Amino acid sequence: MLELLQGLGHWTLSGLRRLGRANIFMLYVLGGIPLCVRRFRLVITQLFAVGVLSILIIFVSGLFVGMVLGLQGYNTLVDFGAEESLGVLVALSLVRELGPVVSALLFAGRAGSALTAEIGLMKATEQLSAMEMMAVDPLHRVIAPRLLAGIIAMPLLAAIFSAVGVFGGYLVGVGMLGVDDGAFWSQMQSSVEFREDILNGVIKSLVFGVTVTWIAVFEGYDTLPTSEGIGRATTRTVVNSSLAVLAFDFILTALMFNK
Amino acid sequence: MVEYRKIEILVGAFVFAGLLALTILAMKVSNLTDFGGGDGYEVKAKFDNIGGLKVRAPVKMAGVQIGRVAEIGFDNKTFQAVAVMKIDRKFNAIPKDTAAKIYTAGLLGEQYIALEPGGDEESLKDGDSIVLTSNAVVLEQVISQFLYSKAAGDDKSGS
Amino acid sequence: MTPSNNPVLENALVKVRGLTFRRGERTIFDDVSLEIPRGRITAVMGPSGCGKTTLLRLIGGQLRPDSGFLVVDGEEVTAMSRAELMQLRKRMGMLFQSGALLTDLNVFENVAFPLREHTALPESMIRDLVLMKLEAVGLRGARNLMPSELSGGMARRVALARAIALDPMMMMYDEPFTGQDPISMGVLVRLIKLMNDTLGLSSIVVSHDIHETLAIADYVYILSAGKVVGRGSPTDLSQTDNPWVRQFVQALPDGPVHFHYPGAAFAEDLRL
Ligand SMILES: Nc1ncnc2c1ncn2[C@@H]1O[C@H](COP(=O)(O)OP(=O)(O)OP(=O)(O)O)[C@@H](O)[C@H]1O
Ligand SMILES: [Mg+2]
């Protein structure tokens with residue numbers, strides 16, 4: 001019994017300590033933002049790695065998610081004679097929820113894990129140490145551009161996901177199932193609100209971008225410099241950032257769409 | 001440093017695609033273009049019962065959307081619901097004696113206000129009220145009326 | 001065993017006093033004091049795992065000692081802020097044991113890295129400087145290779161070119177000779193000596209290659225089990241009768257230094 005309590009205490013304390021470390025780490029990294037602005041090249045190179053290389057998976061997943069929404073939505077709505085509202089259903093689901101959330105989960109798997117592994121390997125091969133000895137702060141030179149690139153890329157990827165998804169829903173709904181073209185778009189436009197829905201979706205994906213990238217770079221920097229340590233850190237990045245995204249999604253949804 | 005130029009071009013394309021997607025979402029998917037902000041004039045209408053009418057519900061005339069419900073309030077004296085409609089400035093020649101009705105799009109669809117034009121020379125201006133209103137059709141009322149009249153009819157034929 | 005009232009050591013570049021450093025339970029340094037003189041080549045030798053790399057990291061301020069203090073060029077490293085440390089490190093070059101090249105940059109960009117980070121030189125000048133440094137280590141032709149395409153010895157030489165890119169006042173070499181063929185080894189030995197003499201550098205060389213090291217070192221420290229067990233000029237050391245030093249200099253398998261990492265007796269471990 002006492003051992004159980006001790007285990008719980010140990011777990012809580014080490015979790016809190018990690019959280020504290022992650023926060024201090026973030027503070028130092030934010031000190032590198034001026035450098036990133038001065039040398040935007042560093043950020044662009046990272047935007048390539050986290051953004052451009054994620055486009056394909058985001059595009060394909062968005063298309064399929066939109067097509068499935070079109071199919072499922074139609075089957076449900078047609079029973080109520082409300083298949084004209086298919087556009088609304090597809091667009092609102094994507095813009096408010098699926099766009100930001102699914103693209104953040106994909107981003108965690110595609111870009112987050114790569115970031116953790118890259119930084120962990122740089123640590124294990126003493127590259128970060130060598131930079132420090134060359135009077136270059138790796139938190140500013142290596143971590144900050146990656147964090148910034150992640151934060152910039154995430155909302156763009158989520159927007160691409162949603163737009164492609166709406167198109168996928170249109171393909172299935174209007175193209176295959178014969179929903180009226182005009183009704184699809186006009187109902188969508190009259191029910192989807194720019195500020196309430198689109199902007200809130202963008203805010204969500206910004207928050208997710210910060211969360212996922214922060215976890216990814218911290219796990220990489222904090223890893224044990226061995227191949228096993230890097231493997232574990234990569235797994236932790238994907239698991240923790242996915243959980244964090246879902247938890248934040250609930251909180252943000254409650255705050256934003258709670259009428 | 002391998003072909004930094006190529007990287008730059010691809011990143012440029014990525015950012016462009018992202019912004020384009022956002023623009024599509026704003027223009028084609030949502031209603032940023034129409035009835036956003038304060039571009040329009042407000043007209044009030046009082047209803048005995050607004051049913052399930054919500055703020056942001058469409059205001060239509062001859063089936064064409066001309067505005068939105070901006071606000072729903074309650075009149076403490078007449079115990080009526082007050083719906084404030086924001087009508088786009090383009091539609092500035094709506095007769096003063098226009099009637100407002102609350103309809104439902106489809107059996108379970110969203111409710112909206114339909115305006116039926118009268119014959120008055122003068123047109124509605126900002127702050128005006130629509131006097132002629134008819135209430136939302138509440139499904140339960142329709143059903144109970146139907147049942148009641150049916151029962152009454154059965155009674156007559158039976159006696 | 002010359003005590004530190006030697007005039008050269010009075011004006012030492014690095015002074016270490018009462019240094020104690022622990023890793024968990026293990027004490028790596030136990031009250032160590034030593035000086036690194038200016039303008040000379042000082043060799044630090046000792047068995048594997050005795051803390052030579054750790055000593056270099058302590059001097060560079062990457063690790064903080066548990067007690068004692070380190071003074072580099074008149075400034076106390078242990079009391080420095082992050083910003084002050086960065087200033088100091090710009091004047092230090094360190095060659096890492098593993099090379100530690102940045103794997104996403106090619107050879108040229110690796111050597112150019114400190115120049116790009118700390119100077120605003122025009123591209124043409126950076127190019128000249130980098131090619132000069134690469135020429136010095138004999139790898140000018142390899143400038144477009146990626147680190148993954150280099151052998152261990154080549155990577156070490158690129159790292160050396162990078163370490164000297166900013167013309168530091170002080171160089172720390174962690175095992176510069178391992179993995180080098182006899183020819184490049186000879187070149188490196190001469191290069192270290194030459195840079196020290198012509199550029200007025202101060203150098204710390206950590207190495208196991210006794211003959212090469214003793215050939216260029218002006219002063220030698222021998223570490224073992226957390227202590228300085230021998231110090232002196234190479235001639236002093238080759239004539240000494242100190243058993244620690246003799247074992248090391250003459251490469252005897254047994255003596256006061258044990259080949260084995262401390263642990264239970266072998267027989268006990270095998271449960272005999
Ligand atoms: N990160 C670390 N965590 C815990 N112990 C460490 C760590 N790094 C080194 N050590 C321990 O510190 C001791 C000194 O290590 P160091 O790398 O300084 O040895 P060294 O003298 O450079 O050896 P070599 O000649 O093999 O390079 C070793 O015994 C090692 O066990
Ligand atoms: Mg070492």
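**View 1. Area buried between chain B and chain A in the predicted model.** About 2,600 Å² is buried between the two chains, and carbon and sulfur atoms give 73% of this; buried area is the accessible area (1.4 Å probe) that two parts lose on being put together, summed over both. On the side of chain B, F14(B), V29(B) and R56(B) lose the most area to chain A, together 26% of what that side buries.

**View 2. Contacts of chain B with chain A.** Here 26 residues of chain B are in contact with 30 residues of chain A (heavy atoms within 4.5 Å).

**View 3. Polar side chains at ligand 1.** An N or O atom in the side chain of T54(C) is 2.5 Å from an oxygen atom of ligand 1. For E175(C), a polar side-chain atom lies 3.4 Å from an oxygen atom of the ligand, and for R23(C), a side-chain N or O atom is 3.4 Å from a ligand nitrogen. The protein covers 64% of the 630 Å² of accessible area that ligand 1 has on its own (Shrake-Rupley method, 1.4 Å probe).

**Notes.** Residues are numbered from 1 along each chain as its sequence is written, chains are lettered from A and ligands numbered from 1 in the order in which they are written. In this predicted model local features need pLDDT of at least 70, side-chain atom pairs count only at pLDDT 80 or more, and totals for chains, interfaces and linings use all residues, while side-chain values use heavy atoms, with hydrogens and water left out.

Key:
A polar contact is a pair of N or O atoms within 3.5 Å; within protein, one must be able to donate a hydrogen and the other to accept it, and residues adjacent in sequence count only if both atoms are side-chain atoms.
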